[in-house]
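Keep the structure open while you read.

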Amino acid sequence: MSPRQERAAIEFGTVNEKNLVQLQRLNTALFPVKYNDKFYQEAIRAPDGFVRLAYFQTILVGAVMVRFESNANGSSRLYIMTLGVLAPYRERGIGAQLLDHVFELLASHPLCSNVSEIALHVHTENTEAIAFYKNRGFEVVELIEKYYKRGVDPPDCYLLSKKVEPRGNGS
Amino acid sequence: MGSSLPSKEQSQFRQLVKFYETKQHKKAQKTADGILKKFPNHGETLAMKGLVLNSVNKKEEAYELVKLGLKNDLKSHVCWHVYGLLYRSDRLYVDASRAYLQALRIDPENVQILRDLALLQIQTRHFEGFISTRRTLLTLKPGQKNNWIAFALANHVLKNYAEAVKIIDTYSATIVPGDDRESVYERGELQLYKNSILEENGDHDAALKHLERIKDIVVDRSAFLEAQARNLLALERNKEAEEIALELLERNMENSVYHEQYHQAVLSDENVAEEHQPRRKIELCDELSKSNPKMLLPKRMPLDLLDQGSKEDFVKRLDSYVRWFLERGVPALSVDLKSLYRAEWKVLAIEKLFTGFENSLKESGALPAVDNDTHSPVKSGNSSPAVVFWVMLFLAQHYDRIGDLDGALKYINRAIEHTPTVIEAFQVKAKILKHCGNLTEAAECADAARKMDLADRYLNTKCTKYNLRCNKVEEAEANVALFTRDGETRGVQALYDMQCMWFECEIGDAYIRMKKPGLALKNLKAVERHFDDFIEDQFDFHTYCLRKETMRSYVNLLLVEDEIRSSKYFTRAAKAAIRLHIDLHDNPQQKDGSAEQAAALANLSVAERKKAQSKLRKSQAKKAAAEELKKKDNGKADGKKGKGGGDGWMETDPDGSELLKGIKDHMVEAARLLRELEKYAPRDVETHELAFEVAIRRNKYLQALRAVNRAAAVQPRSSASVNLVVRLRLDVEDNEEKTSSALPEVLEVVSTCGTHKIVGDRSLSGYVNEIMTDSAQSSDTRLGCGMALLRIAGNENERSRAMEVLQDLSGASFKTCRQLASSLSSFAKTEEVESFKEAVKEKYPQCTVPL
Ligand SMILES: CC(C)(COP(=O)(O)OP(=O)(O)OC[C@H]1O[C@@H](n2cnc3c(N)ncnc32)[C@H](O)[C@@H]1OP(=O)(O)O)[C@@H](O)C(=O)NCCC(=O)NCCS
């Protein structure tokens, strides 16, 4: 392997109703799916830290957004709704830093004490992202056919998952 | 005060004055009424009551009562003083002064009245009166420090420098210096003021010695050093000046004045010949840069100084300079380099450098390596992806600036595609689209930028402006309201209260385009009123600054206020208003807004129409006069200020219809505004263009002549001057209809001092052609000459030759084209105007506005 450059230095930012459109522009560039207003309203109201913007040299280049989901059996998971970095800014560790942020939520966010899994859906053709997650401990657990309604061909995706040890309350 | 009253009422009267002074208007009125119950004719009480009513905006009654009070007690200085205060509150300074002087005749040593008079005198710059009032005040109250300082100021503004200095010295000798910070500061300030007087008097030697003496008490160290530097330079004590300038540079390396002083000192010390000066200056910059590698200005200045002989050096320096910006992602690079665009060869060098960057980034992912003998350290490895973006953004701005709009659009679209989250890119795109004449998409793009950061007032302002440019008034108002919402007032009144002049100018222009003259005039008038307010606002400073001894800033303020109407908003609004008045004069049917009338007029022959329009103007003038009478009957209900109750100025007569109806003669109103422009914007050729338009409509040929000569003096070879010369010849000198009615003396002057002086023995078209050949590079002048030729053209052949010139739009901005189209339609044949517009549409296919 060639000597790797240092990870690009980024700063994290938050989303609010004043800069929401910047997140929209970012997502439009990143994902074939067009998210609706409800999605962005959720982004604004999300718990502290559940949406993170990544700024590289003052430019917004990436973002992550997760959702807390509790299952019927009392366990719960963190679901990654979006995690992406603008194409020209990839492969400099920015995506990894966003994912690290998710791991940190698991380790310290009060809502996440019982979380036993991180999960996300990835388009079956998105080999770059699949490799990225596999290299960080995720596994493909399911192929879901006809997952996407429109704009994506084929319309299928994988469910990726990483099991984690729930940190439990107070321990 | 109230001396003719029995003692009980006398004390009530004193109470009344106190209530008035502490703005307890209700109580004041009650007290006045109490006295008046017993002594209904008591003059001073009547006058005071009037003053109280004036404060609660009951103007009519106020004037009535004050006048009545005065009539009842002509010998009372109180009544005269009150009378003056009333005028003063309506900004009728001359009348107010007169009343004060009358009061002083009765009570010559009344300090309060003397003070009020002095305020008016400095406000109106009546310096002779001011000095005498201040002298009296000083004699009466020598114990008050501000009486000394004000008397010094009076001498200063009258250029009695020695006297002013003496007064400050006498005063300073009497005070016991306090040790607290504030009094030390004030003492230093006063001494710096004295020093500025010495300098202004040209007594640089004394100024320097004085500075030496006050070294320890001056807090403002930069001001101190700056004064030293200026005086040393004036005395050509270059070595010392150099030292001081260096000290200043050490304090602030990014101040260009310090650099200039430093250069001047060194260059005159070394006696460097003119042609070697730029080189030497560059060396000095380089020395500074070596010891202060982080400072930008010493790196930036050589780029301006280098000439074409040092092209290689220029490119090298430019390269390392711009890398600094690119690597940090500072979007202001394009603005920073703007001054370089004056030299064609530098423009080419910039373009070559940046397209080189682009290619290198594409091929190797990095900027080209620099040979490291000089400035920038070589960075190995890949450039940041942001650099790619900033290079594309710069290239977009570059092509926009040189008028290659296709190139500009190509780069901005690529930049946005590369990084769609940078707000500046959308702003740049909006600007490019505007230059394409695509005002609709420009506004959409500015709105996109605004939405990306709703908390940013600047983006909001820009978007509002773009909306107004395409007449989207409602959107603009809703938009700008997002930032004016808090507070009680809303909408345009809130903007008026905030003195938001850019908005009023823009919306005024929009209403002009939309043919809503009332609304347009209302907004343009609003701008004019703000300037009246700015001037009025000085009153606060006259007392404040004298008390605080911040004399240097006070004197600066007086100078600024003297020129305040030369500010761009004033001249812009005045010019727009004059153009509107001209249009309303030419097409009076617009004023009543009746479509039928307009249609009826359109069907008439030219001669008949002129007659009908002239009739219409006369009847409008009559109506205006009647309105005025009615208003007078209602008293002075004009309500100068919206504050303190009642509707604001924008809220009364919101559509400006009253304002419009009140104008008897649009040419008189235009002439009034022109006098301001001629005073405050004499270097603006447009001033003289408009002066000509107004003069010719008023048959004032000498004024027309003067306008032409002034335009020619300001910009001899401009489109404006050429066209004015031609028009003076065609419309006045050779126009029988006009000349037959003019006085022979006038004609004599016009023909001897008129175009013959400028055109000489050449034919008119010979004159125009010569300028056209001379100014091959300026498309604006070339097109202006084309227009002039069309004016002159006597036959079809000449007309079509002129049209050929006009249809070559290379290098012409959309703005120029639009202005030309509008000028042409005032005299050219319809088919000529149409074919010109065709040419514009071909050049600017994206254009979304009617030409
Ligand atoms: C998946 C995605 C987020 C990765 O973002 P990224 O910023 O490129 O991520 P990283 O740079 O951290 O990692 C990418 C690869 O580059 C490598 N890399 C990281 N820093 C590097 C550096 N400085 N030099 C060289 N390689 C580096 C990483 O090691 C990683 O490879 P690995 O998985 O073999 O370890 C990005 O490709 C993306 O946004 N895709 C589109 C959106 C999407 O599909 N998201 C998934 C669905 S939510």
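A polar backbone atom of Val85(A) lies 2.8 Å from an oxygen atom of the ligand. Asn135(A) uses its side chain: one of its polar atoms is 2.8 Å from a ligand oxygen. Leu83(A) places a backbone N or O atom 2.9 Å from a ligand nitrogen. A polar contact here is a pair of N or O atoms within 3.5 Å; within protein, one atom must be able to donate a hydrogen and the other to accept it, and residues adjacent in sequence count only if both atoms are side-chain atoms.

On its own, the ligand has 930 Å² of accessible area, and the protein covers 82% of that. Areas follow the Shrake-Rupley method with a 1.4 Å probe; for residues, only the protein chains shown count as cover.

This is a predicted model: local features need pLDDT of at least 70 and side-chain atom pairs pLDDT 80 or more, while totals for chains, interfaces and linings use all residues. Residues are numbered from 1 along each chain as its sequence is written, chains are lettered from A and ligands numbered from 1 in the order written, and side-chain values use heavy atoms, without hydrogens and water.

## The ligand shell

Helices (H or I, at least four residues) and strands (E, at least two) are DSSP runs, numbered from the N terminus.

## His123(A)

His123(A) sits in strand E5 (residues 115-123) of chain A. Is His123(A) buried or exposed? Its relative accessibility is 17%, so His123(A) counts as buried: the limits are under 20% for buried and over 50% for exposed, with partly exposed in between (1.4 Å probe, protein chains only). Its side chain reaches the backbone oxygen of Pro154(A) at 2.8 Å.

## Nonpolar cores

The largest nonpolar core has 190 residues. Such a core is a set of buried Ala, Val, Leu, Ile, Met, Phe, Trp, Tyr and Cys residues joined through side-chain atoms within 4.5 Å. Tyr89(A), Tyr133(A), Val322(B) and Phe354(B) have the most contacts inside it.
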